[in-house]
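Thanks for coming. I will go through one model today, from the whole chain down to a handful of residues. Please have the sequence and the coordinates open while I talk.

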Amino acid sequence: MFNRKEDNLLHDPYFRIIREEEQFVEIQSLNTGHCWNVFKNQFEKIHKIKLYHKHKQSDTYYHEHRICRNVAEAIEQIKAHDEYVLALAEKKKNRYGRVKEVN
């Protein structure tokens, strides 16, 4: 269901592939450890991608994070979220001298 260009975006070394199915790919950001499920809905014309998120692989459920027009936009959203999480962790580290966990 994902075309070659979308597949290449999802197989970026930025991510670890957890699972691939016909309609979705489950990936993990190597920067934060957060897990993402990129779900492709073939019946939607405009917003084809639903992006689901959880903080740790051990978390039971994903929550819906965003609806995107395409896989490229979903990847941009994931990387922007990582930047936010890492900046927040850095801010906490500077404030308290250390940080326990990135979430």
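I start with a term: buried means under 20% relative accessible area, exposed means over 50%, and partly exposed is in between, with a 1.4 Å probe and protein chains only. Arg-19, at 40% relative accessibility, therefore counts as partly exposed.

Now the conditions. This is a predicted model, where local features need pLDDT of at least 70, side-chain atom pairs count only at pLDDT 80 or more, and totals for chains, interfaces and linings use all residues. Residues are numbered from 1 along each chain as its sequence is written, and side-chain values use heavy atoms, with hydrogens and water left out.

The fold, briefly. Helices (H or I, at least four residues) and strands (E, at least two) are DSSP runs, numbered from the N terminus. On that basis the protein chain has two helices and five strands, and the order along the sequence is α-β-β-β-β-β-α. Along the principal axes, the C-alpha atoms fill a box of roughly 50 × 25 × 25 Å.

Some totals for the chain. Of its 103 residues, 31% are buried. Accessible areas come from the Shrake-Rupley method with a 1.4 Å probe, and for residues only the protein chains shown count as cover. The protein chain has an accessible surface of about 6,900 Å², with 47% of that belonging to carbon and sulfur atoms.

Contact means heavy atoms within 4.5 Å. Among the contacts with a separation of 6 or more, 28% are between residues 24 or more positions apart.

Next, the core. A nonpolar core is a set of buried Ala, Val, Leu, Ile, Met, Phe, Trp, Tyr and Cys residues joined through side-chain atoms within 4.5 Å. Which members of the largest core touch the most other members? Of its 15 residues, they are Leu-10, Ile-27 and Val-38. Two or more residues of this core come from each of S2, strand S3 (35-40), strand S4 (49-54) and helix H2 (71-96). H2 gives the most, with four residues. Taking Leu-10 and leaving out residues up to four places away in sequence, the residues it touches are Phe-2, Phe-15, Ile-17, Val-25, Ile-27, Val-38, Val-71 and Ile-75.

Is Leu-86 buried or partly exposed? Leu-86 counts as partly exposed because its relative accessibility is 33%. Between Leu-86 and Glu-73 there are 20 Å in space, C-alpha to C-alpha, at 13 residues apart in sequence.

Now the strands. Gln-28 sits in strand S2 (residues 24-29). Gln-28 counts as buried because its relative accessible area is 13%. A polar contact is a pair of N or O atoms within 3.5 Å; within protein, one must be able to donate a hydrogen and the other to accept it, and residues adjacent in sequence count only if both atoms are side-chain atoms. A polar atom of the Gln-28 side chain lies 2.9 Å from the backbone oxygen of Gly-33. Beyond neighbours within four places in sequence, the contacts of Gln-28 include Tyr-14, Phe-15, His-34 and Gln-57.

Back to Arg-19, which is in strand S1 (residues 15-20). Setting aside neighbours within four places in sequence, Arg-19 is in contact with Phe-24, Val-25 and Glu-26. The C-alpha atom of Cys-68, 49 residues from Arg-19 along the chain, is 20 Å from the C-alpha atom of Arg-19.

Last residue. Where is Arg-69? Arg-69 is in the loop between strand S5 (63-68) and H2. The side chains of Arg-69 and Glu-73 are joined by a polar contact of 2.9 Å. Neighbours within four places in sequence aside, Arg-69 is in contact with Ile-46, His-47 and Lys-48.

That is the tour.
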